[in-house]
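Work through the exercises below with the sequence and the model side by side. Try each task before reading its solution.

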Amino acid sequence: VLLLPLVSTVASAANPPAPGPITLDRVVPAPAVVVPSDAAPFELTATTVITATEAARPVAERLAATLRPATGFSLPVRSAGVTTVDLRLNPVADPWFGDEGYQLEIDTTGVALRANRPAGLFAGLQTLRQLLPPAIEAISVRHEHWTIPAGVIRDRPRYAYRGAMLDLARHFHPPADVKRYIDEISRLKINYLHLHLADDQGWRIEIDSWPLLTAVGGGPGTGVRGIGGGYLTQPEYRDLVRYAADRYVTIVPEIDMPGHVNAAQVAYPELTCAGVAPRQRIDIRVGYSSLCTSKEITYRFAEDVIRQLAALTPGRYLHIGGDEAMSTPHADYVAFEQRILPLVAKYGKTAYGWHEIAAAPAATGAVIQYWAVTRDRPEIASAAAAGAKVILSPADRAYLDMQYDLLTPGGLHWAGTIEVRTAYDWDPGGWAHGVPAGAVLGVEAPLWSETLRDYGDVEFQAFPRLAAIAELGWSPWATHDWLAFRDRLGAYGERWTRRGVHFHRSSEVRWS
Ligand code: TNX
C-alpha cells in the first residue's frame, strides 16, 4: 500500500509533459491583470539596450546583471537614446499601483516597465525573469531564443505584508545562507524576512553590555554539541539588513519573551527569579522558561535589547515573541506585555508578537501573528476589532517546518502534515473568524529549525510551499485556482533546479 504513491511519483517524474511555450500568465505569484496580445514576442538580442531614468537605474542595473550570465549579451544600461527595454517611474503616481505595483508592456519591438516606486520596478523584474526561458537562470552562456511573450501585465499585491520567518535559534544559519534565502524569497515577491533570533537553545544576536548572551548563549541549538551554534555580530546583522533592502525585503528581528529565554538565563542567571543558572538545553521542548517578571533587571534587559535592535533595524516592525509562556502566570504575563509593548513604541517601532499577546490590552496597537490551528480565537478577534493588525501564519497551513507527509525527511508534524495543496488552498482574508478583512495585514510562513541541519534542509522545507504562501499574499483572490497554480508551479520548478535549489518534488505537481 505504501509503495503505490511512490511508484506514481517515479512514473510522473519519468514522463514529464513537454513544457509548452511560456505564456504571459505563467508567473508565480499570479499577476492581478494579464492581457496577452497576438503580436510576435519580443526577443532579447546582443543589441538590446536597457534605458532607465535616474531613479530606476538601480533596478535596471539589477535586471542587466540578472540577464547577462545566461545570455552573454552586454545589455548596457543608459539614461537615454535608442532603447528596447525601458524602466521608469510614473511621473505622476497612479494610486492603483501603490508602492509595489508595476506595469509591464511587451510588444515585438521592446519592453516597458513602469511603477510608482523602485519596489514596483523590482517586482516587475521578478515577473519579467519568469517570462524568459528557464535557461535564463543559468550562470554561463546558453544558446536560446530569449523571447518574452507580448501583452500587458498590470499587477499589485493583495497584502502589504508577505513574510517568511527563519529560526536562527534552534539551528544557527550563517549570513551566507540567510542571503541565499533572501534571494529566493524576493523572487516570489516576499517583502519581509522575520528572523527568530533567540530561543531556549541559543541567542544569535550580539547585544552591547550583555556580552555573555552570545558568548554563552550562542550555543549549539537543538543539534548535538558543536552543530547548530553561532551568532550574528551587529555588523553582520546590519549587512543582512542592507542586503535584504537591496532586494526590497525588510528584516523583522525577533527576541522571544517572556518565555523561550533559557539561553539568556544560562548566560545571565539574574534573569531567573531564583538567580540560579539553568542548564543549557539542546532538546526541542517548549514552555519551561520564563523571565522573572517581578525583577527590574528583566525590564533593563528587555529595554537594552529592544533599543539596540530598533537602532539596527530600519524597518518598522520589531517582534517581541510572547508565545507559549506556559511558565509565566497569566496575570504576570499580561503585566509584562503591558510594559514591553510600549517600550517598542518608545524606540519608534511597531510591536509585533505571537498571538498570545492579544491577552494584553496594549496589544490593540500591535501586529498579532496568528499561528493557531483553530479558526476561532475570540481574544484575537476582539484585539483586531479594537485596532490590532493581524498576520496569518496558521500552523496547519503556513508552517514550513511541518512535514509534507509522514515519509518526507525532516520537520515535525504536531500541526499535521502540509502538502502543497494544503499550503495553498485557504484564504487569509476570511481565515480567522471574527477578524475583519481590513485588519489583515498579510501572511507569513515561519520556518522553525529544530530538525534542520543545513541550508539544504531549509530549502527542502521551504520550497515549493513558500511559493504557495507568497501567492496567497500577493495575488488577488479572484486568481485563486489550485489547478492553475499547480501548473505554474510545475513550470517554476525548472528554475529552482537550474539555480540548484533543493526543493521537494511533490507528487501533487507535474514538474517540467
Ligand atoms: C511552536 S508556534 C513554537 C515554536 C516551535 C514550533 C515548532 C510558536 C509561536 N512557537 O517554539 O519551534 O512550534 O513547530
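Predicted model: local features only at pLDDT ≥ 70, side-chain atom pairs only at ≥ 80, totals over all residues.

Residues are numbered from 1 along each chain as its sequence is written.

**Exercise 1. Divide the chain**

State which residues belong to each domain, and describe the side of domain 1 that touches domain 2.

Step 1. Take the bounds. Domain 1 covers 3–31 + 33–155, and domain 2 covers 161–401 + 411–475. Such bounds come from an automatic or database domain assignment.

Step 2. The C-alpha centres of domain 1 and domain 2 are 34 Å apart.

Step 3. Count the contacts. Seven residues of domain 1 contact nine residues of domain 2. Two residues are in contact if their C-beta atoms, placed from the backbone, lie within 7 Å.

Step 4. Sort that side of domain 1. Its residues are six nonpolar, one polar and no charged. Here Ala, Val, Leu, Ile, Met, Phe, Trp, Tyr, Cys and Pro count as nonpolar, Asp, Glu, Lys and Arg as charged, and the others, Gly among them, as polar.

Step 5. Check the record. An unreviewed UniProt entry lists residues 26–155 as "domain: Beta-hexosaminidase bacterial type N-terminal". It also gives "domain: Glycoside hydrolase family 20 catalytic" for residues 159–327 and 335–476 (unreviewed entry). UniProt positions are in the numbering used here, feature names are shortened, and annotations may be inferred rather than shown by experiment.

Step 6. Residues 26–155 are 22% helix and 28% strand. Residues 335–476 are 33% helix and 15% strand. Helices (H or I, at least four residues) and strands (E, at least two) are DSSP runs, numbered from the N terminus.

**Exercise 2. Trace the open sheet**

Which strands stand at the edges of the open sheet, and which helices pack on the sheet?

Step 1. Write the order. Seven strands run 1-9-6-7-5-3-4, with mixed pairing. Two strands pair if DSSP finds at least two bridges between them.

Step 2. Find the edges. Strand 1 (33–36) and strand 4 (77–78) each have a single partner strand, so one side of each lacks a neighbour in the sheet.

Step 3. Strand 1 pairs with strand 9 (residues 151–155) in the antiparallel sense, over four bridges. Valine 34 has isoleucine 153 as its bridge partner in strand 9.

Step 4. Helix 2 (residues 57–71) touches strand 3 (50–52), strand 4 and strand 5 (85–89), and its direction makes about 165° with that of strand 3. Helix 3 (residues 118–131) touches strand 5, strand 6 (102–107), strand 7 (110–115) and strand 9, and its direction makes about 40° with that of strand 6. Axes are lines fitted to C-alpha atoms, for helices over the stretch in contact, and angles run from 0 to 180 degrees between N-to-C directions.

Step 5. Look at strand 7 from both sides. Strand 5 and strand 7 run parallel, joined by five bridges; aspartate 86 has alanine 112 as bridge partner. Strand 6 and strand 7 run antiparallel, also with five bridges, and a hairpin links them through two residues.

**Exercise 3. Sort the ligand shell**

How many residues around the ligand are nonpolar, polar and charged?

Step 1. Gather the shell. Among its residues are Val286, Asp323, Glu324, Trp354, Tyr399 and Glu450. A residue is near a molecule if its C-beta atom, placed from the backbone, lies within 6 Å of it.

Step 2. Sort them. The shell has seven nonpolar, no polar and four charged residues.
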